[in-house]
Amino acid sequence: MEMETRIDHITGGIHRIATMTEAYGITFNQYLIDDERPTLVHTGNYDQYENVRQAISEVLDPATLAHVVLLHWEGDENGGMDRFMAEAPDAELVGSALSIQLNATAFGLTNRVRGFTDGERLELGKHTLRFLETPHVHHWDSMMVFEESTASLFPSDLYLQPGDQPPVVNENLSAEMLDVYRAVGIFAHEDPVRAVVDRIEEARPAWIHAMHGGTLTGDVLPSYNRALREHDFAYRGLLPGQEVGAAVAATA
């Protein structure tokens with residue numbers, strides 16, 4: 001199926017690459033940071049590689065990528081990693097120390113990989129990435145990244161918005177966000193998410209570059225945080241809409 005991918009500059013050399021995927025009713029986003037050491041955050045699914053590569057080439061040569069950052073180990077995060085790494089011979093695969101140790105190494109990726117722990121920084125030139133370990137905010141190896149010069153947060157699957165959203169979103173779509181979380185079942189429990197929300201508020205991001213949806217502005221973030229604190233949204237037996245417990249009972 002043919003997909004359309006767009007790239008838009010958001011702020012300070014950070015570009016959003018977005019592909020609307022009708023089957024899921026949501027965009028799959030990557031973020032390109034244009035700097036002395038160009039960096040790609042998320043790679044997209046395997047079948048999105050050519051589209052994402054073409055979008056990158058509108059800004060810079062994909063062969064010059066210095067870092068490919070994976071915030072957790074999942075197909076829409078790393079489906080294109082092998083080909084991006086092959087084309088960019090000096091690129092490093094970057095993730096949480098746990099993800100690199102347990103996932104990358106287990107897949108035989110032992111060269112050009114680097115794991116980061118909470119609070120460590122990576123200098124790109126004008127941009128500085130600070131890593132936040134966020135276990136069980138989706139996956140046990142999950143990590144977020146805060147870019148210090150633009151006060152930008154890359155929160156992976158937190159703060160998503162369904163639908164084909166514009167590059168920047170400044171409306172409250174938190175109810176729609178929670179509906180997706182309940183239906184998809186990506187969070188096992190609310191507690192780890194709410195603990196991370198507290199840390200995010202302390203960081204006071206101006207931009208929140210969601211992996212699905214648009215980039216949120218800092219002034220709308222309190223509405224999303226309030227929704228995450230006040231409402232249930234964790235796993236209750238649904239995994240992408242399927243009633244898991246009911247399915248097991250039906251086969252018993």
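The secondary structure of this protein chain consists of eight helices and 16 strands. The radius of gyration is 17 Å, close to the 18 Å that the globule rule gives for 252 residues, so the chain is as compact as a globular protein of that length. The model is predicted.

**Overall chain**
- The C-alpha trace spans about 50 × 45 × 35 Å along its principal axes.
- Of the 252 residues, 52% count as buried.
- Among contacts with a separation of 6 or more, 63% are between residues 24 or more positions apart.
- The accessible surface comes to about 11,100 Å², and carbon and sulfur atoms account for 50% of it.

**Largest pocket**
- The largest pocket holds about 460 Å³ of space.
- Its lining is made up of 19 residues, and Tyr24, Ile26, Phe28, Val184 and Ile186 lie nearest the centre.
- Strand E3 (26-33) and helix H5 (174-184) are the elements that give two or more residues to this lining.
- H5 provides the largest share of the lining, three residues.
- By residue type, the lining of the largest pocket divides into 11 nonpolar, five polar and three charged.

**Serine 99**
- Serine 99 is found in helix H4, which covers residues 97-104.
- Serine 99 has a relative accessibility of 4%, so it counts as buried, the cut-off being under 20%.
- Leaving aside residues up to four places away in sequence, serine 99 touches Trp73, Ala104 and Asp141.

Notes
Residues are numbered from 1 along each chain as its sequence is written. This is a predicted model: local features need pLDDT of at least 70, side-chain atom pairs count only at pLDDT 80 or more; totals for chains, interfaces and linings use all residues. Side-chain values use heavy atoms; hydrogens and water are left out. On a 1 Å grid over the protein atoms alone, a cavity is a set of points where a 1.4 Å probe fits but cannot get out, and a pocket is an open set with protein on both sides within 12 Å along at least five of seven lines; lining residues have an atom within 4 Å of a point. Grid points are joined across faces, edges and corners, and a volume is the space filled by probe spheres set on the points. Helices (H or I, at least four residues) and strands (E, at least two) are DSSP runs, numbered from the N terminus. Ala, Val, Leu, Ile, Met, Phe, Trp, Tyr, Cys and Pro count as nonpolar, Asp, Glu, Lys and Arg as charged, and the others, Gly among them, as polar. Buried means under 20% relative accessible area, exposed over 50%, partly exposed in between (1.4 Å probe, protein chains only). Contact means heavy atoms within 4.5 Å. The radius of gyration is taken over C-alpha atoms; the globule rule is 2.2 Å times the number of residues to the power 0.38. Accessible areas come from the Shrake-Rupley method with a 1.4 Å probe; for residues, only the protein chains shown count as cover.
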